[in-house]
Amino acid sequence: MKSLIRKIEFPLIVSFLLLFVSCDDMLTPDKDGALLESDIWVNTTRSLNVMYNIYNTTPNGYHRIDGAMLAAATDEAVHSVATSNVKALNDGTWGPSYLIDDVWDRYFEGIRKVNEFLYNIDSVEIKPVVGSIDQTQLTRTRSRLKREALFLRALFYHELTKRYGGVPLITSYYRTIDYTKVTRASYNDCVQQMVADCDSAAVGLPESYKGTLAGYDDIRDLGRPTKWAARALKARILLYKASPLNRGTDDPTPYYKAVGDICSSIMTISRSKPHQLMTLGTTENINNIFTPSTLIPMYNKEIIFSTSYFTGVDIERNNVPARFGGSGQTNPTQNLAEAFFDLAKEMNVFFPNDPYGNLDPRFYEYFNYDGKSLTVNNKTYVIDTKVGGLDALGSSQTATRTGYYLNKFVMKTAIWDGSSNVVNRTFPVIRYAELLLNFAEARNEQYANPDNCPGDSIRKAIQEVHNRSRGGVVGTYIVPAGISQAQMREIIRRERQIELAFEEHRFFDVRRWRLYDDPIQREKLLTIKGVKITKDEYDVTTYEPYIIEKRVWNNRMYNHPIPRAEIIRCPLITQNPGWE
Amino acid sequence: MKNIKFISIILIGLFCIVDMFAAAPKTVQVAGKVLDEKGNPLSGITVSLQEKSIQAKTNAEGLFEINATNNDILIINEAGYFVVAEKVANSLTPVLKLFKMKYKEDKILNWGFGNTYERATSSSISQIDEATITSNSVTSLEQAMNGTLSGLYSTKNGGEKFGVRNFNFLIRGMATTANSAPIIIIDNMESALDMIDFNEIANVTVLKDASALAIYGMRGANGAILISTKHGSELTHGFEINVSSGVQSAVKIADRLNSAQYTTLYNEALVNDGSAAIYDPIKYDGTQSAYLFPDNDLKQKFISNVAPYQYYNLKAHGGNAIAQYFVSAAYLNQNGLFANNAGYDGNFQNSRLDKFNFRSNVDVNINKTLRCSISIGALIDQNSSANYGSDALTNNNSLLNYIVNQPANASPLLNENGSLGGTAQYKVNPVGVFFKTGVRSDERRMLNSKVSATQDLSFLLKGLSAEVFYGFETYNKQYLTISNQYAVFKQNTDNTYTQFGIDDTKLLRSSGLIGDFSKYTQWGGRLDYKKQWNNNTLKLLYMFNQSIESVAGDTPDYVYLGQSVRGEFGFQNKLFVDATVTNQGSNNYNKGKRMGWFYAAGASYIITENSQNALSYLKTRANYGLLGNDQTGGSRFAYRQTWSYGASGSGYAFGSPNAWAGGTFSNALGNAGATWEKSQKLNVGVDVEFFNKLSLSVDYFKEHRTDILVPASYFPSFMGIDMQPVNQGIVDNNGIELIANYKTTIGKLQVNVGGNMTYAVNKIIDLKELDFQYPWQFRKGNSIDTRFGYETNGIYATSADLTNAPVSSFGIPTIGDLNYVNQNAADDNVIDDRDKIALGNSLPRIIFGFNAGIKYGGFDLNAQLEGASKFSVLVIPSTFSTFTYSNRWNPALGQTNFPRVSIASDYNTQTSNFWQQDANFLSVSALELGYTIPTSIIQKIKLNQVRFYLKGNNLYTFSNIREGRDSEALSAGFSQYPLLKSFVAGLSVKF
């Protein structure tokens, strides 16, 4: 048997084994159209279009907190969908393991992409694009895009620092990095970097996009940051730095002065007037600033920088009452309404039996209140939030909890049931009204007495914001003269609360002002009120404010928690105080 | 009635064919003798003629007589003996010798690497044959695999799927966090289980250990299910028709809350949340207008108790020395449980399935050395449902969910003026859904074909043969939607109506291909060498194959390329040794890393056999090897970093009017070393038989799986980019498998009982988890299927309990809430992720199956049971369910065992041990009672066999799960289409 195996089987086994051939090369997959890095920075369009993706990371979204607006985490609004995670910001249960408004990943992703773009873009050989613009113009575009990239990096760092405080500063491109050695930069270092980026951006960005240089500042590029946007952002960054939350032991005055000066420089350019408030009348109201209309274009002079042009009716559908085919989610609070009442009281035009009679016109633009006639989605009804009313609590499962529905951003022309008519809009990041208010705030803090501010410019700035919407309807608002810095501060803050409501300012403003340190203010901010409207048998209507919820505050909430996983991965990145 | 007509036509047609065959020329009489290997006469042996239904039996002297023609061939195919075939032309008085098989030589295993006798293998075996398959299947082959195959975990994947795969299969548990599913191979080609008719199947085999799986290389680590379709044989022939019809009914459909209960609960939840009640439950007592205060029982109105089922199958098989054939055609029809019990007018749209299967397997001996096979299998099936959302199958779930969970007071079905009721919130009306939304219908088409040729190369070297094969399977799925819109109206208190949506009478048609289409091509070849001398055997095998799968999109084809060499050596028919080496590759990996080596070696030894002692057979076996699993999840071509350009949603728009432009961006960083999982498998087993009646198999298995793809969790977010997962996970799996069978005959009574049991437990060795703060946060050390959640300590019953109660990231507790245990109480007073602990395992540690069969005279009874034990399920009853209604926290009603209801808060619905239940179940998965009419009667009408049967599937489950849910399909009947039980009566006729 042994000999048998030797003679035949052994050579046979060996020859069977020899049948193996190497197949690695036979397995090369077909080309699948996937782009590798080697395909990017050699192609003009692909490499310049990296910026389109970076813009995709800019702040946007009216309903980005699990369907809710960030306003629902402030005293501006209550979100009627009780299950939305936004409630965790209000009951204090958010934390490093339960992140709400978590933007850590999003903006660091944007920052990496900016760094990667800046690292690679100079080496790209610019070739003319077929059917489009020539080489010289593309080269100019490239240099402008680099400035835009810097602007966006500053914006991304601003979004991070206003939530987390100082964060790791990464300003060059690394493929990977030894993350165990990375630490958080100080708030001041971050500010320095943001300011430097804004300054470099401002140098190279055009003043407007209505010029004639195709591919550089032509009208197709409307919506990109301008020189003014870079400066306005710098002013905002410095204002945040000067604010009580972030000033630390530094003297805020030079920062306030810088803010005032930057704003003033934009406000006083008389010749071209790059930015100004839109004049609003009976047909055009504040909502039209964010959406195009026949009289107000999309990127109007009031918009300094806005993001993410989009089309749809989500805002209308999410916020108008169920009767209109909506789901009534964002409910403005009585707290915000009271800011309007206070104004009317000061002007002696407030009547408790008819509280909505003579208010600042912005109230009618922000609120859908009982008795208002609303047209949207091809339906016209009179809003009825009286107890038992067709739009009142109980009329549907997401009926208003406050007695009000949101009207800001809601366009009458929107239709979605049956047929459809969509609305175009952008998300405002910086607009001229904010710039005026930033100016007023900075100057008021810079001068111990508002009257010392040259040219009475604090009062003028506030009045400009306030009175443009009035159009002379209910008289002209005059900021009283001779008031103290503290009184002026209250006026500025209230004007800011009203003008910028629902635009994601209040949440951060009350934090940077450290309003929660003051027990009275804290109580006001945490006690969220609605209104109960009843009509008795004699047709007498009563308006009774009531408390909807008491929110929770802890001083750690001045800053957002950093994701816990990140803290575990990076031993040198420290958690914000109170969130450990 | 229609069906009976249909059957009659087929029957008449078949009689004609049978008559044709019956006409035979020139008869001679054959008188022969059958002897055993020692020359003793054998009695009771059946001798038959090839291709004919003529048979004879030998008498006590081993003599038989049979009328035949000169062209006929005598066949003896007796269990336990090698087959004998003898031409009549050779002799009219033949002496036929029967050779007895050695133990378990009669069981031929048709494996990927060829046929092997069971006695010669070192592997652990589970196999079911035709009898089990047809007796246990009602709508699909999967049902026959449930509990019958040792080592195979079969768990239902939700409610009924109407002909689409509804079982998840695992072999010996799990050993990876990635895809643990075995590959399914039908006739040596990877294929889908749900596209084949169960009557086409000859047997199903489960491969579990290294030696059996080594040729599958990087596809083999999860095990394999091999399915062989039937082929014709020169030994038997016939036609067979199977007709069955019956009803299917839901195992469980949840009860609904009526309007008063729903509104009461809703109000209570609102009050618990600190809001005001919004409903007036008293008004739903029937005294008010049913239009303003509706109370709809949708379940009663739109669900039927039973749905009809019918199945027809026609088979023909046979052959001679030159050609053999098997052909089969089947039609299956299943209706949905939806029904119009409320008498609304119009075209009610129920769900249904129509499935057609065809198969033809033909084998031809072209000459003495060349044999060709051509197999074709085809399927067309159509699922249709009311056009409610998406595809027909998803619609069935959505429709059931809607019927069970739509509030009873949502809106009247019809308003006072006859229009459809609805509100701003509830724009969907059930009458609208079933009568007006149109139809969705999905059709799957599959064609599977394979051709192979085997050439005997004995002229080169005795025992050498070669085979080549080529096969393809094409599959596509198309849809047709006929959609329509309808308006609903809210009747206001002042009798005005508010309209939502629009009424539209035009039925929009849209149709197209669903992304689900593919072409799978496989070709390959093999060289076989077999040699036998002095009871020794040597088998050598070389095989290569390439498979190419084309799927939708611009993805490159999936290509596998493999070569294997296997050697088997049998010494004195007692000691068997096998070794396999495979070199296999996939085009998913980086250049230079595409091919891998896999191997296995095994040995078995038969210590005793055919002994007259109590111990009649004893065999030990063991094998070990290295296999792979490339179904690791993650992205394909994970080794490279790709960039995207112009993808929708990645760009931005400037200008007014705006112009959108696509952005360019980089995707996750590549994992340069991306590879398949490696699995080291050891299997040790013993097969033993007592008194030739009771057989037992015991196996111990152990697996060590490495290179499991895990997230690069250590890579920080501030890098601003993701990292592809990395091959760094390690999991161990081991366990025990038992099979026992007992067979006996007492007079006319034949009894067989059997059972199988598998115990498997896996353990995570490493998953490269974050370096958590507390030891209990790690999955490491637990099993893959371990459920993590909160530990509870009852319910906060009093305000005193709430003193210092920890708050949580999902709410602040109040009275009636669960008391979650704060594991890190020393560090904080907050319940968050860090307090989650391992609660229990969701995969049964133990699975088992029992089968029993009795045969007495013409009657036969078969039963199959399956069960599982040592696992737990998580059942959180819905807020608006009857269970919650009668159990929720409400001390005023004396209900304090369950937490309070809430709409705003998900505090109580977190994963916690409060909602976890230890589970085990025993299910009567199949039961069949048959009666076969005595041959003496039916042969007069030229039939071979007539059998009536009653068959039941998924009849009853003994289980302890809350709300009567099924532990394998927790949502079935609650938010998904229910599981079905079937009652079927059938008739099988053989010609």
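This is a predicted model: local features need pLDDT of at least 70, side-chain atom pairs count only at pLDDT 80 or more; totals for chains, interfaces and linings use all residues.
Chain A has 19 helices and eleven strands, where helices (H or I, at least four residues) and strands (E, at least two) are DSSP runs numbered from the N terminus. Residues are numbered from 1 along each chain as its sequence is written, chains are lettered from A and ligands numbered from 1 in the order written, and side-chain values use heavy atoms, leaving out hydrogens and water.

Here are some whole-chain numbers.

| Chain A property | Value |
|---|---|
| C-alpha trace along principal axes | about 120 × 60 × 50 Å |
| Accessible surface (Shrake-Rupley, 1.4 Å probe) | about 22300 Å² |
| Distance between mean positions of 70 positive and 68 negative charges | 3 Å |

For those charges, Lys and Arg are positive, Asp and Glu negative, with His and chain ends not counted; each sits at NZ of Lys, CZ of Arg, CG of Asp or CD of Glu. Carbon and sulfur atoms own 52% of the surface of chain A. Of its 580 residues, 60% are buried (under 20% relative accessible area; exposed is over 50%, partly exposed in between).

Over on chain B, Tyr700(B) lies in strand 38 and counts as partly exposed because its relative accessibility is 34%. Tyr700(B) belongs to a nonpolar surface patch of about 690 Å², with Leu682(B) and Ile736(B) also among its members. Strand 37 (677–690), strand 38 (694–710) and strand 39 (726–746) of chain B each supply at least two patch residues.

Notes
Patches are made of residues with over 30% relative accessible area and no salt bridge: like charges are joined within 9 Å, nonpolar side chains (Val, Leu, Ile, Met, Phe, Trp, Tyr) within 5 Å. A salt bridge is a side-chain nitrogen of Lys or Arg within 4 Å of a carboxyl oxygen of Asp or Glu. Buried means under 20% relative accessible area, exposed over 50%, partly exposed in between (1.4 Å probe, protein chains only).
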